[in-house]
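Please look at the sequence and the model before reading on.

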Amino acid sequence: MQQRDVSLLIAIVLLTLVAAWVVNPNNSGIHIKAGPLVIDRDIRIHQGLDLQGGMEVFLEADPAEGQEVTTETMQVAKSIVEKRVNSLGVAEPLVQQAGGNRIIVQLPGVADPEHAISTFQQTGLLEFVDAGLTRLPVGARIKTSYHETGEVGPVVPTPVLTPTEGPSPTATATQEPTATPTATAALSPTPQADLTPTVQPTPTPAERIFHTVMTGKDLKAAVVALDDLTKKPEIHFQLTDEGAKIFAAHTAANVGRYLAIVLDGEVISCPVIETAIPEGSGRITGDFPLSEAQSIVIQLRYGALPVPLKIISTRQVGPTLGQDSIRRSTTAGIIGVIIVLTFMLVYYRLPGVLADIALVIYGLVSVSLFKLIPVTLTLPGITGFLLSVGMAVDANILIFERMKEELRRGRALKASIEAGFARAWTSIRDSNISTLITCAILWGFGSNFGASVVQGFAVTLFIGVAVSMFTAVIVTRTLMRFAFALGGERLREVHWLLGA
């Protein structure tokens, strides 16, 4: 046995031990802390929606009148929804775009469907709204110009407060000769009459349409920081180049007025403009705790959807059905593997035993990869894995049949082993590459059309085929050479042992 084969055998043993540890459901995970290197990760099987139950939600673009929904818009919306769900702590979500204006979100293991739905209801449109001199309370629901008519842009300063100057000239010029009481009596109703029509509607902000200065698509970044002097939390934000121009024009003309931050029509903050902000970055100050500041940052960063989304349907899968599916799939898989191992042992004898060992290694490596990548297992995914088991055995059968042909021709055992692997390799390579290409096509189909079950099948089959090429060619050949090193050409004389 050559040194190269010895090294390969040691590597295979080590790989098997590591894979067995990863597959062990009681492993403690990887927790490493060495200086700047910190790895803290649990290793477990990630179950899909159909295995552990959960919720599937369909979202559809709900654009304002005149707003165009493009492919790029939906891709950005999908990315934002995915980040937002992750940041809110929803476990292992699957977010996919379906068609031109829909997004599918799968939430395996969600115990509180109402909470999940409310999570999506928050993933709405972010707007910066001019509130004028009215401080809008947090949580108030208002109507905005962007949502109602699609109008957006900086507010042009207008002499809105001129009513306070109106009474003075008329009072001093015309009413002074008479009596002061008549003057005040005449004036007091006048300014009230002038101010009442303009001020009276503001107590009902829900009916007033507030002007949208810009939307969340112009927000580039937002972080929580502490004020240097007061140590109070505040929010620092940065705008895009286009947003910076809009913000500079608006803040320069509206110092002292309120600029409300609105998400899905609900006010999440209403800071006052203290000074003009021409550089496209600024800060939001207020008397809010750190947790509220962090919550606002999340909404700013992940709530800035380029197009509003609405929920069109939801589907729930009970955990009982998933557990029953796991039990049936596990039973079918165990029976299938036992039949395959028995067939290889009975028909091919010693090579069959070595192929069975390689098949066990194949299963350990494949499952460990599923846990490490990680791959979310669904029923179609399990099907892809079981199908790849058959392909792994198929490669060994090709090798052993070639080897038996060489033995029947009278060649030496060592030469027959090498010839069997060499002549079967091209067939194994071509068939597996064809399957890998098919997997890539299926994965692309699933990702573009929202067929997550097809994607799961393609991923597990791809990994299984790739690992089977390694175990069928590298592991089995190394084991065959090791067996030959132990038994030598004497094995050739024991025909029943080789199944030839």
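How many salt bridges does the structure hold? The structure holds 9 salt bridges, where a salt bridge is a side-chain nitrogen of Lys or Arg within 4 Å of a carboxyl oxygen of Asp or Glu. The model is predicted, with local features needing pLDDT of at least 70 and side-chain atom pairs pLDDT 80 or more, while totals for chains, interfaces and linings use all residues. Residues are numbered from 1 along each chain as its sequence is written, and side-chain values use heavy atoms, with hydrogens and water left out.

**Salt bridges**

Side chains of opposite charge can pair when their charged atoms come close.

Helices here are DSSP runs (H or I, at least four residues), numbered from the N terminus. Both R481 and D5 are buried, a word that means under 20% relative accessible area, with exposed meaning over 50% and partly exposed in between (1.4 Å probe, protein chains only).

R423 counts as partly exposed because its relative accessibility is 38%, whereas E406, at 1%, counts as buried. Both residues also belong to a network of salt bridges that links E406, R409, R411 and R423.

**Cavities**

There are 2 cavities of 30 Å³ or more. A cavity is a set of points on a 1 Å grid over the protein atoms alone where a 1.4 Å probe fits but cannot get out, and lining residues have an atom within 4 Å of a point. Grid points are joined across faces, edges and corners, and a volume is the space filled by probe spheres set on the points.

The largest cavity holds about 60 Å³ of space. Its lining includes L350, P351, L413, M480 and F484. At least two lining residues come from each of α11 (319-372), α13 (413-449) and α14 (452-487). By class, this lining has 10 nonpolar residues, no polar and no charged. Ala, Val, Leu, Ile, Met, Phe, Trp, Tyr, Cys and Pro count as nonpolar, Asp, Glu, Lys and Arg as charged, and the others, Gly among them, as polar.

The second largest cavity has a volume of about 30 Å³. R4, L8, V473, I474, R477, T478 and R481 line this cavity. The largest share of the lining, 5 residues, comes from α14. The classes are 3 nonpolar, 1 polar and 3 charged residues.

**A surface patch**

Which residues form a nonpolar patch on the surface? V6, I10, V13, L14 and L17 form the patch, with about 440 Å² of accessible area together. Such a patch is made of residues with over 30% relative accessible area and no salt bridge, the nonpolar side chains (Val, Leu, Ile, Met, Phe, Trp, Tyr) being joined within 5 Å. Accessible areas come from the Shrake-Rupley method with a 1.4 Å probe, and for residues only the protein chains shown count as cover. V13 is found in helix α1 and is partly exposed, at 44% relative accessible area.

Conventions. 1 Å grid on protein atoms, 1.4 Å probe; cavity = no way out; pocket = protein on both sides within 12 Å on 5 of 7 lines; lining within 4 Å. Patch = residues over 30% accessible without salt bridge, like charges linked within 9 Å, V, L, I, M, F, W, Y side chains within 5 Å.
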